[in-house]
Amino acid sequence: MRKAKEDKDRKIKVLVSKVGLDGHDRGAKVICSLLKEAGMEVVYLGMYQMPKDVVDAAIDEDVDVIGPSFLSGEHLVYTPLLVEEMKKAGLDDVLLIAGGVIPAEDIPTLKEMGVKEVFTAGSLTEPIIRYIRSNVRR
Amino acid sequence: MSELSVEQWAQKVKENDRRAAAKLISAIERKEKIARDVLKNLFVPVGKTTVLGVTGSAGAGKSCLVSCLISAFRKEGKTVGVIAVDPSSPFTGGAFLGDRLRMQVHGRDKGVYIRSMASRGYLGGLARGTVDAMRVMEAMGHDVVIVETVGTGQDEIDVARLVQTCILVLTPTMGDDIQAMKAGIMEVAQIAILNKADMPGKEKAILDLEVALRMRPAAEDGWAVPVVPTVATTKEGIDEVVSQIEKHQAHMRQGEGLKKFAFQKAEKEGSVLIKDEIERVIFDHIRGTGLRRKYLDKIVTGEIDPYTAVEEVMSLFIKKTAKD
């Protein structure tokens with residue numbers, strides 16, 4: 001009984017952001033909406049954010065998940081910077097997942113860089129939610 | 001933070017450690033016992049910090065205005081803490097926290113700490129842990145703490161009891177003079193802002209507001225509520241808002257004003273804490289007994305009315321605790 005109560009108060013908090021010179025935010029907004037429907041608390045940071053902005057916000061908001069969205073082809077440029085900032089800030093227990101228009105051949109590279117999972121355009125909702133729920137820190 | 005002692009955690013917050021503060025606010029949101037223990041070490045007497053509230057309907061421009069206020073206070077060299085509350089879904093419990101993005105220009109400024117909070121079913125325009133989160137920001141040493149409520153309608157006036165200066169944000173589309181005359185939220189603000197003053201209907205709205213404000217008996221402390229037109233997106237009118245805030249702060253801080261505010265805040269906070277504690281103790285008491293389900297089923301089938309059910313649960317509880 002006690003456990004159930006604790007889980008109710010333990011909401012998953014996710015930070016979604018566009019990173020770099022990328023103004024295509026429809027997908028990010030759809031993801032925000034879907035995660036909200038799944039009972040998560042979603043902070044949306046908006047467009048044109050730099051890795052440091054994302055990490056600073058993640059610290060202040062104490063999020064469990066960081067989800068950058070890339071539709072600009074800059075994912076290989078900004079992801080290492082983001083991972084570096086997360087390391088510097090000691091956010092090693094925060095789950096980093098990426099989404100957007102990302103070529104399949106780049107996914108292994110992103111994972112090597114430290115992204116835990118990549119959800120490209122066309123991903124179904126359920127697997128994203130299930131992935132977050134089962135991989136988030138507890 | 002679990003590796004720290006309660007005192008060490010509190011000390012880190014007082015040293016303006018953003019992570020320690022962020023983790024503490026999360027623990028507050030989760031109603032963890034340790035949060036309360038840390039808070040006991042963070043008690044700051046009322047008065048040191050300027051505590052402002054910004055309320056008004058959804059889309060009136062509250063977050064944009066808060067962002068403008070942050071810039072103005074930063075120019076004066078003051079540090080600012082912001083709590084921005086957005087609603088939780090009553091169906092899924094999820095929330096879309098979209099206030100921060102309006103203030104993201106301050107993202108890199110170390111003198112600004114912004115925290116979004118979901119209301120989590122708490123009514124009155126705030127989140128359950130808002131008062132405690134305000135205390136965290138005061139303890140961090142911020143000169144100004146701003147609380148932005150969820151988009152409010154007519155009756156969400158909790159914030160007014162907890163802040164020194166309450167700012168109500170309206171727009172030219174707020175409705176006619178009848179709306180301006182209503183009780184509730186129209187009564188609790190010390191400063192009324194007519195934002196989006198570049199939209200048609202500005203003159204009429206200002207007139208409606210001023211007339212409605214003048215028809216009211218004067219406030220007990222003699223403060224007359226000013227109406228300030230602004231356009232937050234171009235920062236028009238912000239200087240006047242800041243000057244009115246300073247005026248009200250000076251007005252409130254003379255005589256017994258601050259003491260009265262402290263009393264009113266303690267009264268409000270005390271009643272919330274006591275209600276929370278009673279609820280927790282009673283539900284802890286009946287947890288696992290099946291009593292809750294039994295009574296709910298009885299109410300559903302019409303076997304018992306909810307008033308009698310509550311009386312029976314209370315008397316069972318009182319008898320049990322008397323025996324203990």
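Lys31(B) lies in the loop between H2 and H3 of chain B. Helices here are DSSP runs of H or I with at least four residues, strands are runs of E with at least two, and both are numbered from the N terminus. The phi of Lys31(B) is near 55°, a positive value in a residue other than glycine. With 18 C-beta neighbours inside 10 Å, Lys31(B) counts as partly exposed. On this scale a residue is buried if 20 or more other C-beta atoms lie within 10 Å of its own, exposed if 12 or fewer, and partly exposed in between, with C-beta atoms placed from the backbone.

This is a predicted model, in which local features need pLDDT of at least 70, side-chain atom pairs count only at pLDDT 80 or more, and totals for chains, interfaces and linings use all residues. Residues are numbered from 1 along each chain as its sequence is written, while chains are lettered from A and ligands numbered from 1 in the order in which they are written.

Tyr48(A) is not a glycine, yet has a positive phi of about 55°. Tyr48(A) lies in the loop between E2 and helix H3 (51-61) of chain A. Tyr48(A) is partly exposed, with 15 other C-beta atoms within 10 Å.

Two packed helices are described by the angle between their axes and the distance between the axes. Axes are lines fitted to C-alpha atoms, for helices over the stretch in contact, and angles run from 0 to 180 degrees between N-to-C directions.

| Helix pair | Angle | Axis distance | Crossing |
|---|---|---|---|
| H1(B) and H2(B) | about 120° | 7 Å | left-handed |
| H1(B) and H3(B) | roughly 65° | within 9 Å | right-handed |

A crossing is left-handed if the near helix is turned anticlockwise from the far one by less than a right angle, and right-handed if clockwise.

Helix H1 (residues 6-14) of chain B packs on helix H2 (residues 18-29) of chain B at an angle of about 120°. That makes H1(B) oblique to H2(B). Angles under 35 degrees count as roughly parallel, over 145 as roughly antiparallel, 65 to 115 as roughly perpendicular and the rest as oblique. H1(B) contributes Trp9(B), Lys12(B) and Val13(B) to the contact, and H2(B) contributes Ala20(B), Ala21(B) and Leu24(B). Residues are in contact if their C-beta atoms, placed from the backbone, lie within 7 Å. By class, this contact of H1(B) with H2(B) has five nonpolar, no polar and one charged residues. Ala, Val, Leu, Ile, Met, Phe, Trp, Tyr, Cys and Pro count as nonpolar, Asp, Glu, Lys and Arg as charged, and the others, Gly among them, as polar.

H1(B) also crosses helix H3 (residues 33-40) of chain B, at roughly 65°. Here the contact is made by Val6(B), Trp9(B) and Ala10(B) of H1(B) and Ile34(B), Asp37(B) and Val38(B) of H3(B). These residues divide into five nonpolar, no polar and one charged.

**A sheet across two chains**

Six strands form an open sheet with parallel pairing, in the order E5(A)-E4(A)-E3(A)-E1(A)-E2(A)-E3(B). Strands pair if DSSP finds at least two bridges between them. Strand E5 (117-120) of chain A and strand E3 (95-97) of chain B stand at the edges, each with a single partner strand, so one side of each is left without a neighbour in the sheet. The twist averages 20° from one strand to the next.

Strand E1 (residues 13-18) of chain A pairs with strand E3 (residues 65-70) of chain A over five bridges. Val16(A) stands opposite Gly67(A) in E3(A). Three bridges join E2(A) to E3(B). There, Val43(A) stands opposite Leu97(B).

The contact between the chains takes 28 residues from chain B and 25 residues from chain A. H2(B) gives the largest share of the side of chain B that touches chain A, six residues. By class, that side has nine nonpolar, 10 polar and nine charged residues.

**Strand E1 of chain B**

Strand E1 (residues 50-56) of chain B has seven of its seven residues buried. Five bridges join E1(B) to strand E5 (residues 144-148) of chain B in parallel, with Val51(B) opposite Val145(B). Another partner is strand E6 (residues 165-170) of chain B, also joined by five bridges. In E6(B), the bridge partner of Gly56(B) is Val169(B).

Methods:
Two residues are in contact if their C-beta atoms, placed from the backbone, lie within 7 Å.
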